[in-house]
Amino acid sequence: MLEVSNIHSGYGRVQILFGASLTARPGEITCVMGRNGAGKTTAMKAIMGLLPLSQGTVSLDGEIISTLPAHEVPHRRIGYVPQGRRLFSDLSVAENIEVGLMTCKEGRATRDEVLDIFPRLRERLHQRAETLSGGEQQMLATARALCLRPRVLLLDEPTEGLQPSMIEAIRQVIVTLRDQGVAILLVEQRVDAVLAIADRVTFLENGRSADTVTVDALRATPDLMHRYLGV
Amino acid sequence: MLASLEGAVTAATLALTAMGLSLVFGVMRVVNVAHGEFYMLGAVIAWFVSTTLGTHPAIGFVGALIVAPVLVGLLAAAADRLILARINYDPERTIVATIGLLYILQQSTLMTFGPDARPVEPPFNSRIALPWWRQGENGLEMFYPWGLATTSYKLFIIVAAVAILIGLWVLLTRTRIGLVMRATQADREMATAFGIPVERVYAMVFGLGAGLAALGAVLIVPVQQAHYLMGADPLLLSFIVVIIGGLGSLPGTIIAALLIGMSDGIISVFFSPTLAKILATLVVAMVLVFRPQGLLGKASA
């Protein structure tokens, strides 16, 4: 279980998070929602150790990981699919996957398994990552994170700007991982998508966690959406 | 013929030195003004090693070929940890910091090594006469004109540099260390998010870059002599090469090193070394005007 409690963080002197707390449980999809600038992406980066925390802790199954050097965090099998995909664009598809495999010293078996999930990538192994289509790039970004055999998977708007069939494919992968017991933390803007797959929703407002509700409770009280998202 | 051979020797060492500069800039986005001093240190250490070992020039040379790049690389890695990491690789501050490093290295060499230029004996140095062709009674015939000669050592420089460059290419494209370096170059933050210890990669790259400069210097020092001010010229030429080739583009660096090295050699022989430098600088200006990203650079990094 990934527990984020009361973290304060930001970029240099610009503080973005003023006490955000959330929990990602194994076998559940926790969605993070909030308006633009509420701190969703910042929270993800802070969990990965990419931003310094001035207060608060991040812990995984009781171990505090927010005091580790940033490159040690992924060794705990936390996979990250960042916003905007952020592939190693000069590297080939195979090399991008190789970097993912190196993180937790995974081998051939994992590689084959990941490529079976995304057969399109297998056809393009030697192509440079930046020459892939948007959907294929998203597949690769997801595949790269799956190479860690993650216990926790962070996905930051994985369906942004994709065609419906691709969104469905990504959704399938997320649901399968959840069923395998992975704790999933998903940043998502589209309300219908969240209602369809989330187990729990945490709302961020101005860098603080405002509310955490189950998806059933959210369906029952639609004015929550209006209050935190303005929709 | 002779001129292009001289040019090839210049190009060979220049390619090594510039490659180091380009690698450091590509991965770390650091403009290393002290790069020429690492080159100079390579030459000075080569002199030191070969006079200490001093039995046979070949033993001293092989010793220098191993010791100098390793020592310079370690020194550079330490400088990276102690200085560059502390100022967070901020682009402006790294330039000032490496200028400081330049003077520290240069002046401490003056204090210890002294102001003299000291020669290093080449491991082997036989004169090789080069054939030429002329129209004789029975068509083209080969002859050995007087003065057309090179030394076996100069040929060795070219071969060695090519071998080292191929080795570097293999390291970068075929090994895990190379993959880690290229991933760090592509996206530092994501490299961290996938467990790559970026600080250690930076120290390694900075050391490797300096080591390449030192290697270039060890190769050239039997031809040129070691001197505490010898770093300025290769620094300038390396910058020219790296700008023409495209900052951070390794193939571009090689092409530009060949271009500048060959033209420098040829023009120096037929006209004057000053004209060669003037033309090289002119090429830089033209490249900056018409193709600011360099020959093989990408438009917006």
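Let me begin inside chain A, where nine residues of domain 1 are in contact with ten residues of domain 2, contact meaning heavy atoms within 4.5 Å. What we are looking at is a predicted model, in which local features need pLDDT of at least 70 and side-chain atom pairs count only at pLDDT 80 or more, while totals for chains, interfaces and linings use all residues. Residues are numbered from 1 along each chain as its sequence is written, chains are lettered from A in the order in which they are written, and side-chain values use heavy atoms, with hydrogens and water left out.

The domain assignment of chain A gives domain 1 as 1-77 + 150-157 + 173-231, and domain 2 as 86-149; such bounds come from an automatic or database domain assignment. Taken over C-alpha atoms, the centres of domain 1 and domain 2 of chain A are separated by 24 Å.

How much area do these two domains of chain A bury between them? The value is about 820 Å², with 68% of it on carbon and sulfur atoms, where buried area is the accessible area (1.4 Å probe) that two parts lose on being put together, summed over both. On the side of domain 1 of chain A, the residues A:Arg77, A:Pro150 and A:Val173 supply 58% of the area buried against domain 2, more than any other three residues.

By salt bridge I mean a side-chain nitrogen of Lys or Arg within 4 Å of a carboxyl oxygen of Asp or Glu.

Let me now turn to the two chains, where the contact takes 19 residues from chain B and 25 residues from chain A. Between chain B and chain A the buried area is about 1,900 Å², of which carbon and sulfur atoms give 64%. Within chain B, the residues that lose the most area to chain A are B:Leu179, B:Glu189 and B:Phe194, together 34% of what that side buries.

Which residue of chain A does the side chain of B:Glu189 meet in a salt bridge? The partner is A:Arg86, at 3.0 Å, N to O, and the count between chain B and chain A is five salt bridges.
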